[in-house]
Amino acid sequence: MQFFVLMSIRGHREASVSELTAFLRMDQTTVTRSLDVLERNLWIERVPKPDRRKRVFRLTQAGLDVLSQAEPLWATAQSHILS
């Protein structure tokens, strides 16, 4: 789940909880839990916005690094499943 959230944020450069919920077609609670884990691991950070009610996130350098390590592993797993 966290992999897809990281990929989605990277694809949008920054994303709000509602944008991720709609894009991933998941409920808000599930997305929020994943965001909390990613934020605790310092892979994402909140983007300062004037309207503090809207939570917007972007990847940190650590998030980009972990994603670049995970992508080839994901591709290998997918190729095994599809073959």
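This is a predicted model: local features need pLDDT of at least 70, side-chain atom pairs count only at pLDDT 80 or more; totals for chains, interfaces and linings use all residues.

Reader: Is Ser16 buried or exposed?

Author: Ser16 is buried, because its relative accessible area is 2% and buried means under 20%.

Reader: What does the side chain of Ser16 make a polar contact with?

Author: The partner is the side chain of Ser18, at 3.1 Å. If you skip neighbours within four places in sequence, Ser16 also touches Lys54, Arg55 and Val56.

Reader: Nice. Switching to helices: at what angle do α1 and α4 pack?

Author: Helix α1 (residues 2-12) and helix α4 (residues 61-82) pack at about 120°, and their axes lie 11 Å apart. The pair is therefore oblique, since an angle over 145 would be roughly antiparallel and 65 to 115 roughly perpendicular. As for handedness, α1 and α4 make a left-handed crossing.

Reader: Which residues in α1 and α4 meet?

Author: From α1 you have Phe3, Phe4, Leu6, Met7 and Arg10, and they meet Leu64, Val66, Leu67, Ala70, Glu71 and Trp74 of α4. Sorted by class, this contact has nine nonpolar residues, two charged ones and no polar ones.

Reader: Which residues in α1 are buried?

Author: Those are Phe3, Val5, Leu6, Ser8 and Ile9. The buried residues of α1 pack against β1, α2 (17-24), α3, β2, β3 (56-59) and α4.

Reader: And what follows α1?

Author: Arg13 does, and the phi of Arg13 is positive, near 70°.

Reader: Now the loops. Where is Asn41 found?

Author: Look between α3 (28-40) and β2 (44-46): Asn41 is in that loop. Asn41 counts as partly exposed because its relative accessibility is 37%, which falls between the cut-offs of 20% and 50%.

Reader: How far apart are Asn41 and Ala62 in space?

Author: Their C-alpha atoms are 8.8 Å apart, while 21 residues separate Asn41 and Ala62 in sequence.

Reader: Last one: where is Pro50 found, and is Pro50 buried or exposed?

Author: Pro50 is in the loop between β2 and β3. With a relative accessible area of 85%, Pro50 is exposed, because exposed means over 50%. For a sense of distance, Pro50 and Ile9 are 41 residues apart along the chain, and 20 Å separates their C-alpha atoms.

Reader: Thanks, that was a friendly tour!

How values were computed. Residues are numbered from 1 along each chain as its sequence is written. Side-chain values use heavy atoms; hydrogens and water are left out. Buried means under 20% relative accessible area, exposed over 50%, partly exposed in between (1.4 Å probe, protein chains only). A polar contact is a pair of N or O atoms within 3.5 Å; within protein, one must be able to donate a hydrogen and the other to accept it, and residues adjacent in sequence count only if both atoms are side-chain atoms. Contact means heavy atoms within 4.5 Å. Axes are lines fitted to C-alpha atoms, for helices over the stretch in contact, and angles run from 0 to 180 degrees between N-to-C directions. Helices (H or I, at least four residues) and strands (E, at least two) are DSSP runs, numbered from the N terminus. Angles under 35 degrees count as roughly parallel, over 145 as roughly antiparallel, 65 to 115 as roughly perpendicular and the rest as oblique. A crossing is left-handed if the near helix is turned anticlockwise from the far one by less than a right angle, and right-handed if clockwise. Ala, Val, Leu, Ile, Met, Phe, Trp, Tyr, Cys and Pro count as nonpolar, Asp, Glu, Lys and Arg as charged, and the others, Gly among them, as polar.
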